[in-house]
Amino acid sequence: MTKTYRAPTLWDRIRADYFSSRLNTALTLTFGAFVIWVLWNLANWGLIHAVWSAENRDLCGHGGEGACWAVIDARWRLIMFGLYPFEEQWRSAIACCALVLVGILSCVPWFWNARRISILWVAGFATFYVLMRGGVFGLTPVFEQNWGGLSLTLFIFAAVSLLGMPLAIVFALLRRSELPWIARTMGVIIDTIRSLPLLSIMFTFAIVLPFVLPGWMIGDKLYRVIVGYALFFACYQAEIIRGGMQALPAGQEEAAKALGMSYVHRIAYIVLPQAFRNALPPTINQFVITFKETSLVVIIGFFEILASGHAAFGTSEWNFAHVEVYAFVALIYFVFVFALSRYGAYLERRTAIAAR
Amino acid sequence: MKHLKTATTALGLTIAAASGAAAADSRLDAALERGKLLCSGHNGSFLGFAEVDDKGEWKGMDIDLCKGLAASMFGTSDGNLEIVPISWAQRWPALQSGDIDVVIKLSGWTHSRDTELNLAYSLPYFVGAFHVMAHAELGAESVADLDGGSICVSAGTSTERILASYLENNGIDAEVIVFEKGDEVKTAYFNGRCDGLILFAPPLAATKATSANPDAHVILPDVLALEPEAIIVPEGDSKWLDVQNWMLSSLWFAELNGITQANVDEFKANPPSAQIGKFLGATPGYGERLGLSDDWAYNLIKEVGNYGEIFARNIAEPYGLPRAMNNLYTDGGVFYPLVVD
């Protein structure tokens, strides 16, 4: 009798992976029970015993039985839009969607050439700015200091990335310059900015700069902070890109030179694409950090999403519900950061195929 | 953070002093000309003083004073008041750079701020005490009863220093447990991590009022320290400072004379005395000397009510904090109006 090969079923695989020995069985059972216990408690708190509607606020256990999602029901508009005027919040919502849409579209390979992507982003930012700031097309003007919530967080993130990325490429190229005084000056600048905390850079740009700059250069503090943050981002990102460039064999650039390619062509077609591929994981990392650190603008009085979360539970009715508000804000951060990381993983797979 | 704050403030002040000495114009004139008062808000909320309601509108005691100030200057705060959200660290540089005209942000009158930072203080409009709250089941009646126990406090605030010096001065041997954030301190206290919790009176009252079982906690009567909170304007602008002082005085004057938001029209139509007539602008004189319209106090009371109403609306009703020291002198408090003549 011959034994025929039987493909392992799901059950076989589970047994092989989790229950192959007595020790493994014990470990699986222990940790499985622990995970189920945690999930059960979480569901109990967050779903089963939770109070969902703002009308039922009195049922909230003041930190007792279940979560009080009523606070989100009552205050979500404050969390999402901050101090933006209540009747005009649809503008903030559309502006926010426009930015997200532009973000998604720029992940689509069709947009990956200089002209298309710049048109896309200019259009995206113009839509955002016109909607948020108003003052044209019969929209009431809303000043930057009243922008807030998710749209402000996204705007700061997008603006910093977009200003910072080209700046980072320039910084990285300057630091690799063959003229020693350029390379060294750039090195000193990068290292100086990197050795300062982001908080102090933001504070300086928002509060100290108006004392030193001439009047016409001051602008709103939101844009000053974005410029400061972009500079900070560029210095870190420049080092990441430089790392990617250093991983390239010197022969690549030399071969391009030998073929008579100009500097711009060498950089744009040979060096940068490969450098970016090498530097992709730390770059995504840097974007994630940048997204999260937008919350630091609270120090100069902006109602980004975490600050408007604070304001949401900072009132006599909802003062007990800070855990729920933090959980909600964390969920929003998670959605964006997780999407960003997954996109990074997709890019890595895609460029890896191209490399073969 | 502290050093950064001091350094930027100092830098700002030096530059402001160098360039701004020539600017003799009062902030009052500047704001009147602009047609808008720029008043300090908050980057989040401070219970009872600056909160944001469901519609994203500011409310609270500090905000009411901003509204009152705008109404005094322009007749109504509607369209004439801009609440600029600022952080604690930002308030002095923002005042010097002109981002805001006045700081009404629960800021204590301290020696260093008054002298080194070139700030001018109005009459205090709120006297805040630091109290300790304890679990009722401990049966403690004063902070001394917590000897051998533990007290929770937020790190890096003046509260931490106040607690330490009070314990030292009174020879109380309690363990001080320090937490980084306000939410953590409260959670730790409610989870029984410590016997007592020290906070500034308004947030302490709020914490008690919004806890799961308010009766399970007692606020001990000992006053560990006091902080007089005042309105702050740049030094050397006496015209602007006068407006602040007389606005506060008017709020107390109205309360003392029983003038409220509801009956101010009656009082204006039939003033019971010549003094009140002058106060409400029925006869001229009260506003002109300050550079305001003569009926400014009427507008002020019409907009926000008298001091007692502001206190009740923002502090007493939502948080159950008794007026105590913040009463008029006639009710055992520390406040009194200046003389209207």
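**Figure 1. Aromatic pairs in the predicted model, with F128(A) and W147(A) as an example.** Over all chains of this predicted model, a search of the whole structure finds 35 aromatic pairs. One of them joins F128(A) and W147(A) in an edge-to-face arrangement, with 5.9 Å from centre to centre and 80° between the planes. F128(A) belongs to helix α5 (residues 114-133) of chain A, whereas W147(A) sits in the loop between α5 and α6 (149-175) of chain A, so the pair ties together parts that are 19 residues apart in sequence. Both F128(A) and W147(A) are buried.

**Figure 2. An aromatic cluster in chain B.** Ring pairs link F46(B), F49(B), W88(B), F126(B) and F130(B), among others, into a cluster. Further members include F200(B), W252(B), Y307(B), F311(B) and F335(B). F46(B), F49(B) and W88(B) are also among the residues that line the largest cavity.

**Figure 3. The largest cavity and its lining in chain B.** A search of the whole structure finds one cavity of 30 Å³ or more. The volume of the largest cavity is about 40 Å³. Its lining consists of S40(B), G41(B), H42(B), F46(B), F49(B), A50(B), D62(B), W88(B), I104(B), K105(B) and L106(B). By class, these comprise six nonpolar, three polar and two charged residues. Strand β5 (residues 103-108) of chain B gives the most to this lining, with three residues.

**Figure 4. Positive phi values at L106(B) and A324(B).** Most residues other than glycine have a negative phi. In L106(B), a residue other than glycine, phi is positive, with a value near 40°. L106(B) is found in strand β5 of chain B and is one of the residues lining the largest cavity. L106(B) counts as buried because its relative accessibility is 7%, under the 20% limit. A324(B), likewise not a glycine, has a positive phi of about 45°. A324(B) is located in the segment after α13 (307-319) of chain B.

**Figure 5. Helix α7 of chain B and the residue G192(B).** Helix α7 of chain B spans residues 182-190. Its buried residues are D183(B), V185(B), K186(B), A188(B) and Y189(B). An α-helix has 3.6 residues a turn, so residues three or four places apart point the same way. Just after α7(B), G192(B) takes a positive phi of about 80°.

**Figure 6. The second largest pocket and its lining in chain A.** The second largest pocket holds about 1,900 Å³ of space. It is lined by 42 residues, of which S106(A), I117(A), W121(A), F287(A) and Y343(A) are the closest to its centre. At least two lining residues are supplied by each of α4 (89-105), α5, α6, α12 (263-278), α13 (280-293) and α15 (322-355) of chain A. The most comes from α15(A), with nine residues. The lining divides into 33 nonpolar, seven polar and two charged residues.

**Figure 7. Charged side chains over aromatic rings in chain A.** R116(A) lies over the face of W110(A), at 3.8 Å from the ring centre. K221(A) is placed over the face of F302(A), at 5.3 Å from the ring centre.

**Figure 8. Domain assignment of chain A.** Chain A is assigned domain 1 (16-48) and domain 2 (74-84 + 142-355). Taken over C-alpha atoms, the centres of domain 1 of chain A and domain 2 of chain A are separated by 39 Å.

Notes: Residues are numbered from 1 along each chain as its sequence is written. Chains are lettered from A and ligands numbered from 1 in the order in which they are written. This is a predicted model: local features need pLDDT of at least 70, side-chain atom pairs count only at pLDDT 80 or more; totals for chains, interfaces and linings use all residues. Side-chain values use heavy atoms; hydrogens and water are left out. Domain bounds come from an automatic or database domain assignment. On a 1 Å grid over the protein atoms alone, a cavity is a set of points where a 1.4 Å probe fits but cannot get out, and a pocket is an open set with protein on both sides within 12 Å along at least five of seven lines; lining residues have an atom within 4 Å of a point. Grid points are joined across faces, edges and corners, and a volume is the space filled by probe spheres set on the points. Helices (H or I, at least four residues) and strands (E, at least two) are DSSP runs, numbered from the N terminus. Ala, Val, Leu, Ile, Met, Phe, Trp, Tyr, Cys and Pro count as nonpolar, Asp, Glu, Lys and Arg as charged, and the others, Gly among them, as polar. Rings of Phe, Tyr and Trp (its six-membered ring) pair if their centres lie within 6.5 Å; planes under 30 degrees apart count as stacked, over 60 as edge-to-face and the rest as tilted. Buried means under 20% relative accessible area, exposed over 50%, partly exposed in between (1.4 Å probe, protein chains only). A charge sits over a ring if NZ of Lys or CZ of Arg is within 6 Å of the ring centre and within 35 degrees of the ring normal.
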